[in-house]
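Q: Hi, could you walk me through this one? I'd like the overall picture before we get to individual residues.

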Amino acid sequence: RLVESGGGLVQPGGSLRLSCAAPGFTYNVIGWFRQAPGKEREGVSCISTTDGSTYYADSVKGRFTISTDNNKNTASLQMNSLKPEDTAVYYCAVDHGAPMAHCSGYVGPDWGQGTQVTVSS
């Protein structure tokens with residue numbers, strides 16, 4: 001199953017690094033999604049394990065960086081300059097396809113338990 005980790009409480013302007021492990025899955029795209037209270041889940045950033053191409057939601061461009069370690073079936077999301085509106089449960093998911101399509105259209109069924117990110121002073 002997918003396993004996310006690295007969430008926590010951080011002050012505005014701070015940083016966190018999320019990690020995702022995807023043992024046993026075959027895929028060529030992996031991404032991070034988030035769901036804030038009362039809102040729908042949204043794609044944050046996705047990356048192709050084939051060519052390294054990436055997709056970022058406009059709200060996180062320039063602040064978040066996605067990376068993947070294909071040998072270890074893991075992916076990370078470095079989050080800098082965090083804002084209160086980044087507060088959400090963050091999930092990772094894998095699929096076959098292109099990064100933007102994955103981030104825009106993935107609806108399941110494979111989700112991890114998520115990791116809570118809270119940005120607050």
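A: Happy to; we'll begin with the fold and then look at single residues.

Q: Before that, what kind of model is this?

A: This is a predicted model.

Q: Thanks. How many helices and strands does the protein have?

A: There are ten strands and one helix. In sequence order the pattern reads β-β-β-β-β-β-β-β-β-α-β. The helix, H1, spans residues 99–105, and strand S10 covers 115–119.

Q: What share of the residues is buried?

A: Of the 121 residues, 41% count as buried. The accessible surface comes to about 6100 Å², and carbon and sulfur atoms account for 49% of that.

Q: What about contacts between residues 24 or more positions apart?

A: Those pairs make up 60% of the contacts with a separation of 6 or more.

Q: How far apart are the mean positions of the positive and negative charges?

A: They are 6 Å apart, with 9 positive and 10 negative charges in the protein.

Q: OK, on to residues. Where is serine 45, and is it buried or exposed?

A: Serine 45 sits in strand S5. It is buried, because its relative accessible area is 0% and the cut-off for buried is under 20%.

Q: What does the side chain of serine 45 reach?

A: It reaches the backbone oxygen of tyrosine 55 at 3.0 Å. Setting aside residues up to four places away in sequence, serine 45 touches Ile30, Gly31, Trp32, Tyr55, Tyr56, Ile66, Leu77 and Cys103.

Q: Is serine 48 in a strand or a loop?

A: Serine 48 is in a strand, S5, which runs over residues 42–48. Serine 48 is buried too, with a relative accessible area of 6%.

Q: Which side chain does the side chain of serine 48 make a polar contact with?

A: That of aspartate 51, at 3.1 Å. Leaving aside neighbours within four places in sequence, serine 48 is in contact with Asn28, Val29, Ser53 and Pro99.

Q: Changing topic: where is proline 37, and is it buried or exposed?

A: Proline 37 lies in the loop between strand S4 (29–35) and S5. It is exposed, since its relative accessible area of 74% is over the 50% cut-off. From C-alpha to C-alpha, proline 37 and leucine 18 are 19 Å apart in space, and 19 residues separate them in sequence.

Q: Is the peptide bond from glycine 108 to proline 109 cis or trans?

A: It is cis, with omega near 15°. Proline 109 is in the loop between helix H1 and strand S10.

Q: And what is phi at asparagine 73?

A: It is positive, about 55°, although asparagine 73 is not a glycine. Why flag that? Because most residues other than glycine have a negative phi. Asparagine 73 belongs to the loop between strand S7 (64–69) and strand S8 (74–79), and it is partly exposed, with a relative accessible area of 24%.

Q: What about phi of serine 81, and where does that residue sit?

A: Phi of serine 81 is also positive, near 50°. Serine 81 is in the loop between S8 and strand S9 (88–95). Its relative accessible area is 40%, so serine 81 is partly exposed.

Note on methods. Residues are numbered from 1 along each chain as its sequence is written. This is a predicted model: local features need pLDDT of at least 70, side-chain atom pairs count only at pLDDT 80 or more; totals for chains, interfaces and linings use all residues. Side-chain values use heavy atoms; hydrogens and water are left out. Helices (H or I, at least four residues) and strands (E, at least two) are DSSP runs, numbered from the N terminus. Buried means under 20% relative accessible area, exposed over 50%, partly exposed in between (1.4 Å probe, protein chains only). A polar contact is a pair of N or O atoms within 3.5 Å; within protein, one must be able to donate a hydrogen and the other to accept it, and residues adjacent in sequence count only if both atoms are side-chain atoms. Contact means heavy atoms within 4.5 Å. Accessible areas come from the Shrake-Rupley method with a 1.4 Å probe; for residues, only the protein chains shown count as cover. Lys and Arg count as positive and Asp and Glu as negative; His and the chain ends are not counted. The place of a charge is taken as NZ of Lys, CZ of Arg, CG of Asp or CD of Glu.
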